[in-house]
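Open the model in your viewer and keep the selection tool ready. The stops below say what to pick next and what is there.

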Amino acid sequence: MLQPKLNLKVSQRQALTPGLVQMVSVLALNKLELKEMINTEMVENPVLEEMEESLTTLEERSAKEGDRERSAEETVAESERVEKDPFDEIDFGSYFQDYLDPGFRTTSNFEEYDKPSFENFLSQPSTLADHLMWQLGSLTLTPQVRLAAELIIGNLNEDGYLTATDEELVEVLLAETVRGGHTELILEQVGEDRLERVAAEAVDGSGNGAAAGIAVAEQERAALRTLVGTARTEVQQLDPVGIGARDLKECLLLQIAAQERDVQLMLERRERYQAQQALDPEADLDVVAARPQGKAERNGAENGAAGGASVSVYGVARHIIESCLTMLQKKDMRELTRSCGRSAEEVQAAVELIRTLDPRPGQRYNQGETRLIEPDVAFVKRDDRYVVVMNEEDMPTLRLNQGYRKMLRQKQTEKEVREYVKERYKSAIQLLRNIEQRKNTIVRTCEVIVRRQAEFLERGEEALRPMMIKDVAEEIGVHPSTVSRAVANKYVHTTQGVYELRFFFTEGVNGPEGGDMPLVLLKRKVKKLIEEEDARKPLTDDQLAAELQRQGIQVTRRTVAKYREDMQIPSTHQRRVR
């Protein structure tokens with residue numbers, strides 16, 4: 001039988017106090033984040049205040065306040081001795097507020113209540129959706145097409161590709177029209193008479209109304225699919241070219257078609273100019289371009305455009321995109337030439353044309369914000385040795401407000417106020433200790449980095465030595481996670497440039513002369529060997545490993561393949577140019 005019981009048990013467990021949690025979080029902050037955190041704490045904690053550079057002492061401040069009070073009392077006494085003007089006693093402010101139009105308000109009231117937020121004036125980078133919606137607003141479209149086009153723009157990814165299928169767009173469009181009460185858009189797209197005729201035919205054939213409803217629904221969906229196709233065509237005409245495609249092939253074909261149209265227009269304009277100049281040598285090119293074409297001129301332009309070498313290149317490029325993208329990826333020029341049935345020069349020109357296309361046209365409007373980097377520390381050379389200097393420029397210097405401290409000493413202070421001030425004081429003191437602890441941990445970690453990477457500071461990245469976080473933690477007597485937080489998202493200014501502190505921590509492999517080589521340098525050697533290889537006979541992973549072993553670096557083929565894939569370098573077969 002279950003019965004409630006009371007038991008006593010003694011146990012030990014670790015618990016993170018609020019002060020310890022704050023210390024861990026403060027240690028992981030870089031300079032900019034710490035500055036923002038301090039400003040937030042000063043707003044929330046009235047006990048904390050920033051110490052100004054030109055700050056006077058308490059004695060000087062009290063003396064100045066005493067002089068100011070005495071001068072104010074003398075001024076008031078002197079003004080009372082002067083005879084008052086009755087005109088000055090009239091309260092014109094209340095007079096205007098009582099008797100004038102209540103819709104009129106003074107400048108001060110307007111600035112206080114109705115002034116727009118300053119954030120409304122801050123510029124924001126234009127996104128792809130903003131750019132497309134701006135262009136869409138300048139087009140003359142029906143409400144149905146505009147609604148579908150806005151839906152398509154909302155379903156584009158960062159690269160500009162349409163991720164939703166036509167059926168999904170139809171479902172969303174149908175739900176939006178019904179939810180928003182815009183069923184008349186469907187009626188305008190399909191035609192009310194046509195829907196009634198479809199429903200009547202379904203009833204005559206089956207004899208029930210359910211079949212009529214299904215037939216009408218299918219007719220509506222078919223009309224919406226047509227609407228989505230029309231809207232997608234309109235979106236694909238917008239800038240940048242290639243927007244609204246579903247895959248890479250369609251994106252490249254859209255760009256090829258757009259460039260081909262431009263070339264066709266240019267060739268037609270040139271043909272018209274040449275034909276007109278034969279009749280009138282003083283004809284202006286702009287006047288000829290604006291003049292309507294005759295049948296003979298149009299046929300001549302088509303013949304000239306079809307026979308132009310530039311137009312044939314677009315045909316070859318279109319064939320490569322539609323049927324030979326895999327060969328193009330493998331750089332198999334021999335098979336590519338055989339498949340196209342054209343000369344090697346034409347195929348090479350088409351390949352060069354494809355290289356100018358943008359496979360991700362939407363990325364130009366979806367660029368990430370520039371990340372602001374400010375070094376937290378600096379390695380400065382003084383008297384033939386490097387020292388660690390913390391970058392505390394523009395950092396607020398905190399101190400405790402003495403006025404609240406006096407409140408704790410005063411007996412007439414209420415108990416609730418006293419408890420609140422005491423709690424705020426403890427929080428402020430804990431924050432000051434954590435900031436100082438953060439500084440000491442970073443300085444001690446950087447001092448170890450300076451001692452172990454002294455050759456790097458003198459000679460550069462070629463002299464970088466392997467160094468592990470656990471080794472530094474053992475040397476300064478802390479846990480490896482503490483060192484990891486101390487170097488996270490922090491940068492250092494050295495004689496060799498600005499580096500992330502984590503850059504100095506890297507594993508090592510067996511290098512020449514029995515020493516270890518950092519993985520960073522090993523990857524660079526692999527990349528350099530690949531860049532210097534013969535494109536027709538690229539080096540295999542076995543050959544790369546053998547070459548590194550001849551240089552005294554003991555690595556295997558699998559290690560080389562792993563580092564090559566980490567650097568996103570294609571395989572030997574993909575790098576070979578045939």
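Contact here means heavy atoms within 4.5 Å. Keep that cut-off in mind for the selections that follow. The model is predicted.

**Stop 1: one glutamine and its partners**

Select Gln-22. This residue is found in helix α1, residues 18–27. Is Gln-22 buried or exposed? Its relative accessibility is 16%, so Gln-22 counts as buried, the cut-off being under 20%.

**Stop 2: the whole chain**

Zoom out and select everything. The chain has 578 residues, and 31% of them count as buried. Colour by secondary structure: there are 27 helices and eight strands. Show the surface next. Its accessible area is about 38100 Å², with 50% belonging to carbon and sulfur atoms.

**Stop 3: colour by confidence**

Switch to pLDDT colouring. The chain averages 75, and 72% of the residues score at least 70. Select residues 190–196. Here pLDDT stays under 50, yet the model has eleven contacts beyond four places in sequence for this stretch. Move on to residues 198–203. Their pLDDT is also below 50, and the model gives this stretch eleven contacts beyond near neighbours in sequence.

**Stop 4: a cis peptide bond**

Select Asp-239 and Pro-240 and display the backbone. The peptide bond from Asp-239 to Pro-240 is cis, with omega near 0°. Pro-240 is found in the loop between α11 (209–236) and α12 (248–279).

**Stop 5: helices α17 and α18**

Select residues 333–340 for α17 and 344–355 for α18. How do the two helices cross? Their axes come within 10 Å and cross at roughly 105°. α17 and α18 are therefore roughly perpendicular to each other, as angles of 65 to 115 degrees count as such. Show side chains at the contact. From α17, take Met-333, Leu-336, Thr-337 and Cys-340. From α18, take Ala-344, Val-347, Gln-348 and Val-351, which they meet. Six residues of this contact are nonpolar, two are polar and none is charged.

**Stop 6: two aspartates in a loop**

Select Asp-383. Asp-383 sits in the loop between β2 (377–382) and β3 (385–390). Its phi is near 55°, a positive value in a residue other than glycine. With 75% relative accessibility, Asp-383 counts as exposed.

Step to Asp-384. This residue lies in the loop between β2 and β3. Its phi is positive too, at about 65°, although Asp-384 is not a glycine. Asp-384 is exposed, with a relative accessible area of 73%.

**Stop 7: helices α22 and α23**

Finish with residues 469–476, helix α22, and residues 480–487, helix α23. They pack at an angle of about 105°, and their axes are 8 Å apart. That makes α22 roughly perpendicular to α23. Which residues of α22 and α23 meet? On the α22 side, pick Ile-469, Lys-470, Val-472, Ala-473 and Ile-476. On the α23 side, pick Pro-480, Val-483 and Ser-484. The residues of this contact divide into six nonpolar, one polar and one charged.

Methods. Residues numbered from 1 in each chain as written. Predicted model: local features only at pLDDT ≥ 70, side-chain atom pairs only at ≥ 80, totals over all residues. Heavy atoms only, no water. pLDDT = per-residue confidence, 0-100. Helix = DSSP H or I, 4+ residues; strand = E, 2+ residues; numbered from the N terminus. Buried < 20%, exposed > 50% of the residue type's maximum accessible area, 1.4 Å probe, protein only. Areas by Shrake-Rupley, 256 points an atom, 1.4 Å probe, with all protein chains shown as cover. Axes fitted to C-alpha atoms, helices over the stretch in contact; angles between N-to-C directions. Parallel < 35°, antiparallel > 145°, perpendicular 65-115°, else oblique. Nonpolar A, V, L, I, M, F, W, Y, C, P; charged D, E, K, R; others polar.
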